[in-house]
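My entries follow in the order I made them.

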Amino acid sequence: QVQLVESGGGLVQPGGSLRLSCASSGSIFSIKAMGWYRQAPGKLRELVAAISPGGSTKYADSVRDRFTISKDNAKNTVYLQMNSLKPEDTAVYYCNLGSWRGTNYYGSGSWGQGTQVTVSS
């Protein structure tokens with residue numbers, strides 16, 4: 001079973017940046033899609049960004065033009081570059097191993113442990 005490990009979270013001021021990483025125990029990113037989700041207290045987990053095996057991407061409207069998902073197949077790592085962070089971006093961020101059909105990402109039950117992102121002055 002593939003293991004996913006997130007890192008890079010922390011406390012940042014509004015307007016700041018963070019880069020999250022999700023490392024996989026296996027060489028899967030060339031054949032599997034990956035997604036970043038987040039869950040704020042009292043809210044449902046939501047898809048933030050996803051990337052297909054071929055590199056196509058999609059974003060939630062709330063983060064479009066601020067966040068960028070990318071991957072390095074050789075390093076078995078997916079990244080989420082987060083710029084212009086807002087307090088409402090505060091959440092636990094999770095990476096997910098899923099599938100891509102058409103222009104849509106479909107998540108699965110394979111999750112990392114999550115990394116906390118807090119945006120506050």
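**Hairpin and conventions**

I began with the hairpin of S9 and S10, which has two residues between its strands; glycine 102 in the turn shows a positive phi of about 70 degrees. I take strands as DSSP runs of E, at least two residues, numbered from the N terminus, with helices as runs of H or I, at least four residues. I count two strands as paired if DSSP finds at least two bridges between them.

The model is predicted, so I note that local features need pLDDT of at least 70, side-chain atom pairs count only at pLDDT 80 or more, and totals for chains, interfaces and linings use all residues. Residues are numbered from 1 along each chain as its sequence is written, and side-chain values use heavy atoms, with hydrogens and water left out.

I found serine 99 opposite tyrosine 106 in S10.

**Open sheet**

Next I traced an open sheet of four strands, in the order S1-S3-S8-S7, with antiparallel pairing. Strand S1 (4-7) and S7 stand at the edges with a single partner strand each, so one side of each has no neighbour in the sheet. The twist averages 15 degrees from one strand to the next; axes are lines fitted to C-alpha atoms, for helices over the stretch in contact, and angles run from 0 to 180 degrees between N-to-C directions. S7 and S8 run antiparallel and are joined by six bridges. Aspartate 72 is opposite threonine 77 in S8.

I then checked the loops. Most residues other than glycine have a negative phi. Asparagine 76, not a glycine, has a positive phi of about 55 degrees. It sits in the loop between S7 (67-72) and S8 (77-82). Is asparagine 76 buried or exposed? Asparagine 76 is buried, at a relative accessible area of 15% (buried is under 20%, exposed over 50%, partly exposed in between, with a 1.4 Å probe and protein chains only).

Serine 84 is also not a glycine and has a positive phi of about 50 degrees.

**Cores**

I looked up the nonpolar cores, meaning sets of buried Ala, Val, Leu, Ile, Met, Phe, Trp, Tyr and Cys residues joined through side-chain atoms within 4.5 Å. The largest has 28 residues, of which Met34, Trp36, Phe67, Ile69, Leu80, Met82 and Tyr93 touch the most other members. Strands S3, S4, S5, S7, S8, S9 and S11 each supply at least two residues of this core. S9 gives the largest share, four residues. A second, separate core of five residues includes Tyr37, Ala50, Trp100 and Tyr105.

For methionine 82 I listed contacts (heavy atoms within 4.5 Å), leaving aside neighbours within four places in sequence: Gly16, Ser17, Leu18, Leu20, Arg66, Phe67, Tyr93 and Val117.

**Sulfur link**

How many disulfides are there? I count one disulfide, taking a pair of cysteine sulfur atoms within 2.5 Å as the rule. Cysteine 22 and cysteine 95 form it, with sulfur atoms 2.1 Å apart. The link is right-handed, with 60 degrees about the S-S bond. Cysteine 22 lies in S3 and cysteine 95 in S9, so the pair ties together parts 73 residues apart in sequence. Cysteine 22 is buried at 0% relative accessible area, and cysteine 95 is buried at 1%.
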